[in-house]
Amino acid sequence: MKKLFRLLASLILASSLVACGSKKQETTSNDTSSETKTVEKLKVSATLDPHSTILEFAKPILLEKYNIELEIEVLDDYYVFNKALDAKEVDANYFQHVPFFNGEVEANGYKISNVAGIHIEPFGFYSKTVKSIDEIQEGAKVVISNSVADHGRILAILEKAGLIKLKEGTDVLNATSADIEENAKNLQFIEVKPELLTSAYENNEGDLIAINGNYAIQAKLNPVKDAVILEQADSTNPYVNIIAVQEGTQEDSKIKALVEVLKSDEVKEFIKTTWTDGSVIPAE
């Protein structure tokens, strides 16, 4: 009888061990099947502010929702971005408005595409000495970007301020100084590279300095409070800042995810609450 009990006990123990082993094996199998998907990388070049700031906000969203690890490369030379994108050194860039993009493509034959407008930065004229339009003197020196794509924008702002008049029928987006019909105060235009505009302002190198929105922000200028003349900033502005990508990648899942996140209500709200002074506004 004792032998029978020992035999039964042994069988019960063996069964328990087999069951535990099966359960352990099943758990291991389940753990393997629940492994996270492979994380994909996406490299985007951008200027420091506000572009890289917006991308930094979008970075964890892309990782959590799409398993995309966003690598942000900060540059400051406008003429490097599209060249690097065309050479496939980055997957996308985020720094430029539409007229600049169109001019670059036409001039250099870049195989790149505009996939989405994200935000607008109002262009402003700043000064260390001039506090209002009424104080602008005859022959005042106006320092502007040497980027031809900015010239029409600058001239349109000056015309709206009543300082110059463009020839009738001028295509404002492509206007140059040759399109000026009246220059009542004989304004003198000095061109410098866009990234040197804030230095020109700090060094008081002109009576008025026309500074791109992102560079103004980097220089701790408040466009609404500090600009002598400020461009109208709303969603109808043609100078919307865009995401550009290599031709043929517009439908790539990583690109589509990037655009979806940057145009989401979450990112729009971030832009509105971060730049409450209206220096950056989300595009519609």
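## The cavity lining

The lining of the largest cavity divides into 5 nonpolar, 7 polar and 3 charged residues. Here Ala, Val, Leu, Ile, Met, Phe, Trp, Tyr, Cys and Pro count as nonpolar, Asp, Glu, Lys and Arg as charged, and the others, Gly among them, as polar. A cavity is a set of points, on a 1 Å grid over the protein atoms alone, where a 1.4 Å probe fits but cannot get out; lining residues have an atom within 4 Å of a point.

This is a predicted model: local features need pLDDT of at least 70, side-chain atom pairs count only at pLDDT 80 or more, and totals for linings use all residues. Residues are numbered from 1 along each chain, and side-chain values use heavy atoms, without hydrogens or water.

The largest cavity has a volume of about 110 Å³, taken as the space filled by probe spheres set on the points. Of its 15 lining residues, Tyr78, His97, Arg153, Asn212 and Asn241 are the closest to its centre. Strand 3 gives the most to the lining, with 3 residues. Helices (H or I, at least four residues) and strands (E, at least two) are DSSP runs, numbered from the N terminus.

## The nonpolar core

A nonpolar core joins buried (under 20% relative accessible area, 1.4 Å probe, protein chains only) Ala, Val, Leu, Ile, Met, Phe, Trp, Tyr and Cys residues through side-chain atoms within 4.5 Å. The largest has 29 residues; Val44, Ile54, Leu55, Ile243, Leu258 and Leu262 touch the most other members. Helix 9 gives the most to this core, with 6 residues.

Terms used. Buried means under 20% relative accessible area, exposed over 50%, partly exposed in between (1.4 Å probe, protein chains only). On a 1 Å grid over the protein atoms alone, a cavity is a set of points where a 1.4 Å probe fits but cannot get out, and a pocket is an open set with protein on both sides within 12 Å along at least five of seven lines; lining residues have an atom within 4 Å of a point.
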